[in-house]
Amino acid sequence: MARTIVDPLTRIEGHMRVEVEVEDGIVSDAWVSGTLYRGMESVLKDRRPQDAFYVSQRICGVCPISHGHASTMAAEAAMGVQIPEGARLVRNIIEAAQFLHSHILWFYTLGALDYVDPVKALSANIADTYALAEAAGTRVADFGAVAKRLTAFVESGNLSIFTNGWFGHPEYAQDMPAELHLIAVAHYLEALEVQGDAAAIIGIMGGKFPHFMTSVNGGTTFVPTEQKLDDVLYRFTKVVDFVNTALIPDTLAIAPYYLPALGFGGGTGKFLSWGVFDKPSFKADERYLPNGVITSGLAVDNASTDNVVEWVDHSWYEDDNGGLNPAEGRTKALWTDYSTDDKYSWGKSVRYQTTAGSGTGEATEVGPLARMVVAYVKGVEPVVDLIDSTLAALGAPGQPEVLVSLLGRVAARNLEAAYIGGLSIDWLVELIGYIKGGDVEYFKAHDVVDGKGVGAWEAPRGSVAHFMDIQGGRIAGYQVVAPTTWDIAPRDADGVRGPMEEALIGTPVMDAEKPLNVVRVARSFDP
Amino acid sequence: MAYEENGALQSLLAARGVTRRDFLKWCGSTAALLGMAESFAPQIAAAVEGAVLQPQAPALWINGGACTGCTESMAQVDTPDVATIVLDLLSVNYFETIMMAQGEDAEAAKADLVAKGGYVCIYEGTVMTGFEGNALRVAGKPQVEELPEVFENAAAIVAVGSCAVDGGWVAANPNPAGGIGVLEFCKEHNIETPVVNLPTCPVNPEWVVAMVIDVLYLGALEDLSVLDLDEFNRPKGIFGQTIHDNCSRRGHFENGEFVTEFGSVEEAKGYCLYAVGCKGPQTFTNCPIVRWNGRASWCVESGAPCIGCGSANPLEAGGNWVDVNAPFLNRHRDIHVGDWVTQPTVVGAAVGAAAVAALAVHGVGMKAAGRMDGGAPYEEMKERDAKKGGGK
């Protein structure tokens, strides 16, 4: 059987390889490999619980806020510390800024080039582009200037980051008008500026981004002032405006040309979310995007980290590292060789057991699609409204099951951005109200005490959990189950594929040398 | 892009809404970054304008054992319009995180340029030597197998972020994946390509822009002394002073006004963070001046003590910022200034007089502060420092 390999898969965070078997133009089998091992868990061992927040967030330069929060929550859980209300809002706002930053960056900077061909934009008629933007309800830019810049760029023959791109690939929607390609290119450029505003919010409230400084164990070091929050509000308003006037209408304008993508790329149809954005109750199942797991049909249960198990049968770790809950987890690397029949990834195969401690577990997808499906099934009203109206716009009213697809995964991310955008402004207004009232607490002083704790939270790309064991005031054990670990998991102990591997099955491949749909499906997870 | 007529830069600037005045202002701050007087601004402007008329300079951006944070950071550069112009002057033919191509086509773009040579190689992340280099595999083989040729054929290497400088957190004890910095890798392989080190985690994007200008347009390739690097291959203009030297909270230090608990009234007033473990006095970067995220803020301004992510020692294993500065929120009795370690013998409730004196001797320029009650605990001599003979 012919194998097609994409290595490196670019336009992602980190290093990844995709290998697929193609039969009669359809992917019949797939192997996904995480190709980097750094050893965070070993580095954190024997250090102080308060240091983990700073170091562990460096796992991911695109989602450090979520890792930092999961780490500090793990320490707080281990030590029995409850953060004050002011810190809850500050953390929610910083987290929201990162989600908006990440989702905008994914759609325009990382994902768009799989659907938008910059060369096609060259033949756009400028007047028609303005007319189309108006008809689609999307943001107007100086389309003439963008076209001129693009033309000069292409004519230079020096394509820089566009070198060797798959221009003119037959799997770009052939009927998508040049004018729509040009609109997307204009917004690709504008998105670079807007993501900077989202990141600057974290800069103000977190010290810098990526890698932030303020969400220390016990709360936050950031004590807001009205002046700083005014600056933050101004930037949020710009970012949220871009989400509503570009990201959402662009999604709805481009999607109709890619409706076949509702028919593949779905995967296991099993979903997990630890939940993110706390309410005053700090209960995971009451979060704005709630905790929940779906392993069959559309029945949602509360998800517990006790039910997580990791397998290493196909991962480069010692065999006795397998079959363990991360709270007992071990990370002892063992390089053998790359073999899809044996071990082929630095990622462990993480699974969700419907009964803790029993069975191999389910290959659950994590990420925006999982969170939005869980919230939809749980009846979170704004999410239900967003999804129902989008389904109607895509010609599939009342059929939420079509979301379990490539196009559904892309759309869910952007709808989530719209939901979070609205929430972020609410939280900010709430926080401004608080500081006007005075007497808000941001930090809970505490002693370092021994114990075990888990911080289970969500990053833009999916569920993140940090497991910390404190003994004698030092970290005796630390394990991280990162979002991408779930989605790019290799086969488990039973040889069952991971979520991305499963999603690749059935993907149409027109050109085995240039498997555009394969990279679309892989990137749709924002790995 | 091909710019053939005079005034090409002006029309580029105009197309992006940048005035000539903004541009010159930016050139002035770039001059300051490079450690030059602002009066050098016209020379920088001339260099950039001249470069617009040249073909784009070729570059590769290589991700090693990276979190992609330095790439992320590059997206947060100040005055993006002007900086983008500068970066547009580069043709970055390989850049995994944002390039359009993938797989073999991406690798081909890299191979073409490596064969031609003469490019600037920007390296992000740790060089992964563990498991015979299999700790990082790219295109089906260990990345370290291709690095000697990639580095050898480069005109210059810019190591961005602490990981690229000395392995960063990846190289922290016990360094299970065999992480090292670019300079060490080059030395091991007798590669003499000049390496410019830009530590901090992630790299501050303004420094990268400044270095690109320096390397490409101000003649550094012809005469390396233009770069004015210190013994760690860091540009002195950026890494010559401590954070403490330029800190906006320095006045509070002088007045003996300290934060002893996060979220406190003192924190709201913006008092000095030294008592909660700030590593500003021993960390050599110009963060307080350049700031972060389009100059929106920086760590200390958000109430967080510096953790010294810019500490890096490419000449000695174990000099990474995590091993040197953790535990981050404790005050250290053993104080690092470069590779020099001391442990003052007299430490009380006040800032240890011996520490202050020692810091002053080594040019950190700290003055005796008033009494400090409360604050973070002092850290006893750390094991690794004791082994290295600290405290003498």
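When I speak of strands here, I mean DSSP runs of E at least two residues long, numbered from the N terminus, and please keep in mind throughout that this is a predicted model.

With that in hand, let me begin with A:Phe282, which sits in the loop between strand E4 (271-273) and strand E5 (292-296) of chain A. A:Phe282 is not a glycine, and yet its phi is positive, at about 60 degrees. With 13 other C-beta atoms within 10 Å, A:Phe282 is partly exposed, since the cut-off for exposed is 12 or fewer.

B:Glu132 lies in the loop between strand E4 (127-128) and strand E5 (137-138) of chain B, and, having 11 other C-beta atoms within 10 Å, it is exposed.

Let me turn now to the sheet in chain A, where three strands, in the order E1-E2-E3, form an open, antiparallel arrangement. Strand E1 (2-6) and strand E3 (26-34) each have a single partner strand, so one side of each is left without a neighbour in the sheet. Between E1(A) and strand E2 (residues 16-23) of chain A there are five bridges, and A:Arg3 has A:Glu21 in E2(A) as its bridge partner. Helix H15 (residues 516-524) of chain A packs on this sheet, touching E1, E2 and E3, with its direction at about 135 degrees to that of E2(A).

Finally, the cis peptide bonds: one runs from A:Asp7 to A:Pro8, with omega near 5 degrees, and A:Pro8 belongs to the loop between E1 and E2 of chain A. Another joins A:Phe209 and A:Pro210, with omega about 0 degrees, and A:Pro210 is found in the loop between helix H8 (178-206) and helix H9 (226-254) of chain A.

Definitions and conventions: Residues are numbered from 1 along each chain as its sequence is written. Chains are lettered from A and ligands numbered from 1 in the order in which they are written. This is a predicted model: local features need pLDDT of at least 70, side-chain atom pairs count only at pLDDT 80 or more; totals for chains, interfaces and linings use all residues. Two strands pair if DSSP finds at least two bridges between them. Helices (H or I, at least four residues) and strands (E, at least two) are DSSP runs, numbered from the N terminus. Two residues are in contact if their C-beta atoms, placed from the backbone, lie within 7 Å. Axes are lines fitted to C-alpha atoms, for helices over the stretch in contact, and angles run from 0 to 180 degrees between N-to-C directions. A residue is buried if 20 or more other C-beta atoms lie within 10 Å of its own, exposed if 12 or fewer, and partly exposed in between; C-beta atoms are placed from the backbone.
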